[in-house]
Amino acid sequence: MTETAVSTRKPQPGVAVLVDPPGATTTPRRRGDSGGRLRALDGLRLVAALMVALYHYGGRGGEVAQAWGTSPRDQFPTLHALFAYGCLGVQVFFVISGFVICMSGWGRPLRSFFASRASRLLPAYWVAVLVVTAVFALPVVAYEAVSPSDALVNLTMLQMPLGLDRVLGVCWTLWAEVRFYALFALCVVLPGANRRRVIMFCAGWTLAAVIAENANMPLLDIVLMPEYAPFFIGGVGLYLVHRDRRDVYGWAIVAVSWLIGQHYAVRGLWHAPDPEAFSYRSSFGIIAVVTFGFVAVAAIALGLLGRVNWRWLTVAGALTYPFYLVHEHLGWVVINALHRGLGLASGVTFALTVASMLLLAWLLNKYVEKPLTPRLRAALTKVR
């Protein structure tokens with residue numbers, strides 16, 4: 001998620017989820033309960049996705065102002081300052097991702113781990129790229145589409161390292177997720193996950209990321225992701241706590257990750273009060289949202305939200321990833337049609353835009369993910 005156009009090459013630091021991309025993980029089962037799900041984690045993913053949507057529709061300037069006709073600051077004079085914190089939904093997603101990837105990779109062979117990740121990410125992503133490209137190519141849509149060649153490369157999910165224009169603004173977070181998967185697969189899944197290996201992975205990555213911060217070597221920054229590593233690592237630590245709430249090493253990993261993570265979030269998103277800026281995020285507010293992400297996942301890990309077990313949360317979790325993929329750019333088109341085309345009030349337009357993106361996410365989940373995910377997983381896990 002960025003504050004720049006569809007064709008912008010570099011994402012703004014610290015701005016949007018999703019999570020292991022939001023909704024792109026199968027919610028883990030409770031320990032010792034073969035039929036139970038951590039449905040509270042599904043709900044938290046939806047909360048994080050809606051935070052990001054608030055940011056993209058009313059908490060930033062840029063292309064969305066073209067959709068509204070004026071700056072969202074004018075559309076939401078009071079709320080825009082709160083919506084601006086929604087970009088931190090991505091940090092919440094990364095904590096969830098660390099937790100879920102550690103759980104899903106524990107005791108799983110590398111082939112199965114790879115098949116699971118690829119089959120969850122790619123089907124909805126491929127369709128989202130094609131749909132957004134097609135919509136932005138329509139003459140009635142004012143936004144510029146990327147070139148056909150760049151759109152095709154976007155299907156590989158490697159447009160970021162290649163420096164090409166992005167069809168989906170949110171794809172920079174998927175590139176971060178892919179790098180996390182690769183590190184975890186090579187260091188933990190391939191040799192076989194166990195507590196000691198996971199602890200060494202977290203400690204080694206934390207130390208390497210800190211060193212990379214001052215090494216002035218772009219390759220290390222790309223591989224180790226210093227500004228996002230603490231959130232993934234913190235989620236992994238919370239899974240150790242989930243396995244054993246008395247695990248001192250797990251709690252230490254979580255604490256260090258929170259301390260470093262809030263630093264990067266404040267550094268990337270705080271600025272001195274400036275009347276010319278779209279909004280002002282206080283350091284206290286940024287720290288509070290980051291803390292919310294860690295505390296919420298910790299509460300789930302410790303079983304404190306076991307009563308949050310409503311069935312509809314499973315559906316909400318399934319919609320999160322496709323919603324995350326399509327909501328930003330297609331949301332601009334819907335806002336323009338409803339607010340400027342039909343003259344609907346800002347609040348009504350906002351609500352209907354979110355509802356329409358959730359409906360599109362439901363269609364993608366039903367007609368794309370459900371039929372294609374198991375087939376792709378089976379094809380990738382087949383032994384030849």
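The lining of the largest cavity divides into 9 nonpolar residues, 2 polar residues and no charged ones, where Ala, Val, Leu, Ile, Met, Phe, Trp, Tyr, Cys and Pro count as nonpolar, Asp, Glu, Lys and Arg as charged, and the others, Gly among them, as polar. The model is predicted, so that local features need pLDDT of at least 70 and side-chain atom pairs count only at pLDDT 80 or more, while totals for chains, interfaces and linings use all residues. Residues are numbered from 1 along each chain as its sequence is written, and side-chain values use heavy atoms, with hydrogens and water left out.

The volume of the largest cavity is about 80 Å³. A cavity is a set of points, on a 1 Å grid over the protein atoms alone, where a 1.4 Å probe fits but cannot get out, and lining residues have an atom within 4 Å of a point; grid points are joined across faces, edges and corners, and the volume is the space filled by probe spheres set on the points. The lining consists of Thr206, Ala209, Val210, Pro226, Ala229, Pro230, Ile233, Val256, Ser257, Ile260 and Tyr264. At least two lining residues come from each of helix 10 (195-213), helix 12 (229-243) and helix 13 (248-269), helices being DSSP runs (H or I, at least four residues) numbered from the N terminus. Helix 13 gives the most, with 4 residues.

Helix 13 also meets helix 14 (residues 283-301), their axes coming within 9 Å and crossing at roughly 140°. Axes are lines fitted to C-alpha atoms over the stretch in contact, with angles from 0 to 180 degrees between N-to-C directions. Helix 13 and helix 14 are therefore oblique to each other (under 35 degrees is roughly parallel, over 145 roughly antiparallel, 65 to 115 roughly perpendicular and the rest oblique). Helix 13 passes helix 14 in a right-handed crossing, the near helix being turned clockwise from the far one by less than a right angle.

For helix 9 and helix 10, the axes come within 10 Å and cross at roughly 130°; the two are therefore oblique, and the crossing is right-handed. The axes of helix 15 (residues 312-341) and helix 16 (residues 346-381) come within 7 Å, at a crossing angle of roughly 140°. The contact of helix 15 with helix 16 comprises 18 nonpolar, 8 polar and 1 charged residues.

The structure holds 23 aromatic pairs, defined by ring centres of Phe, Tyr and Trp (its six-membered ring) within 6.5 Å, with planes under 30 degrees apart stacked, over 60 edge-to-face and the rest tilted. Phe113 and Phe184 form a tilted pair, 6.3 Å centre to centre with 40° between the planes.

Conventions: 1 Å grid on protein atoms, 1.4 Å probe; cavity = no way out; pocket = protein on both sides within 12 Å on 5 of 7 lines; lining within 4 Å.
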